[in-house]
Amino acid sequence: MSVFSRHPGGDATARPLEGRLPGFDGATDWLNSPPLSPEELRGKVVLVDFWTYTCINWLRTLGYVRAWAEKYEAQGLVVVGVHTPEFPFERVVDNVRWAIADMNVRYPVALDPDYGVWQAFSNHYWPAVYIADAEGQIRYHHYGEGSYDECERVIQELLRDAGAEGIPDDLVSPELEGFEVQADWATLESPETYLGSEQASNFAPGVPAEDLELNQWTLVGDWVIEPRASVLHGGAGSLAFRFHARDVNLIIGPPAKGSSLPFRVLVDGEPPGDAHGFDVDEEGRGAVNEQRLYQLVREPGGIADRTFEISFDAPGAEAYCFTFG
């Protein structure tokens, strides 16, 4: 990982060469743009952003990536989002098309369901940013969240090195809302937790919700733990998690495309009130209408160990992964 920190007017030529921009031949389709090639991008500074639309770590970077695309487009920056799916439903083109509209992603998006572009870059992470200079050489990369100032300084340096004029020294300060709000790292003590058998951890079968230890989770009802998700197969059921964080997010899907599945959220056995996430009301009521990430709790005050419960009156819910913020 590149860890260089530069200042306005820094020497972009001092950055290491990390290989040529591999290109996007592995992409199966493009959204917001016709297919792009390294040859067509020559002369441009190119930021390649690997993402998948349910990833909270990527969502918290989106406000910055969007702001860079808008601020520097006229001066020669091209942002290319490479959507490489984690979950099966993220391979569905219509789902990605819905996501980019909902998230206001206007820059070109290469669809990478077969991981061809991912492998060409030897990438291993969501999110991951690679920045190439006007000659098609990768000069910087960053994995994960953060380092926003550093990334933008690299963009500025490489644009200046390419001969662009009027590149400002100031940095973006996007207004962040919803999932794009940065995590409360100082109080975050609950990890990303998968609910399918392939990666599940801290499952406490048969333990009542009120007896869960921190970061344990349990199921009540006729659930089947499939490789990628816990699926409610019959009747009513609930899912509980003992957490310590400001935000509780859950990747959920309805039983069939176009269907709607109501749910109810409780925190320590009570409606969430002011602690409700933007996908539920103060009484904790909401509905699963899309296969996506839902924000169910956003604590407005002090953070402590608390118990989250989500219940469904009918079968069909597919619960994939908890994330926290």
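**Cavities and pockets**

The second largest cavity has a volume of about 40 Å³. The model is a predicted one, in which local features need pLDDT of at least 70, side-chain atom pairs count only at pLDDT 80 or more, and totals for chains, interfaces and linings use all residues. Residues are numbered from 1 along each chain as its sequence is written, and side-chain values use heavy atoms, with hydrogens and water left out.

Q: What makes a space a cavity, and what makes a space a pocket?
A: On a 1 Å grid over the protein atoms alone, a cavity is a set of points where a 1.4 Å probe fits but cannot get out, whereas a pocket is an open set with protein on both sides within 12 Å along at least five of seven lines; a residue lines either one if it has an atom within 4 Å of a point. The structure holds two cavities of 30 Å³ or more, and each volume is the space filled by probe spheres set on the points, which are joined across faces, edges and corners.

Q: Which elements supply at least two residues each to the lining of the second largest cavity?
A: They are H2, strand S10 (247–253) and S13, where helices (H or I, at least four residues) and strands (E, at least two) are DSSP runs numbered from the N terminus. Among the residues that line this second largest cavity are Ile56, Arg60, Gln295 and Arg298.

Q: How do you know how the lining of the second largest cavity divides by class?
A: Ala, Val, Leu, Ile, Met, Phe, Trp, Tyr, Cys and Pro count as nonpolar, Asp, Glu, Lys and Arg as charged, and the others, Gly among them, as polar; the lining of the second largest cavity therefore divides into three nonpolar, four polar and four charged residues.

Q: What does H2 give to the lining of the largest cavity?
A: The largest share of that lining, three residues, comes from H2, and the space in this largest cavity is about 70 Å³. Its lining has six nonpolar, four polar and one charged residues, including Trp68, His142 and Asp49.

Q: Which residues are closest to the centre of the largest pocket?
A: The largest pocket has a volume of about 320 Å³, and of the 18 residues that line this pocket, the closest to its centre are Asp102, Met103, Gly178, Phe179 and Glu180. H2 gives the most to the lining of the largest pocket, with three residues.
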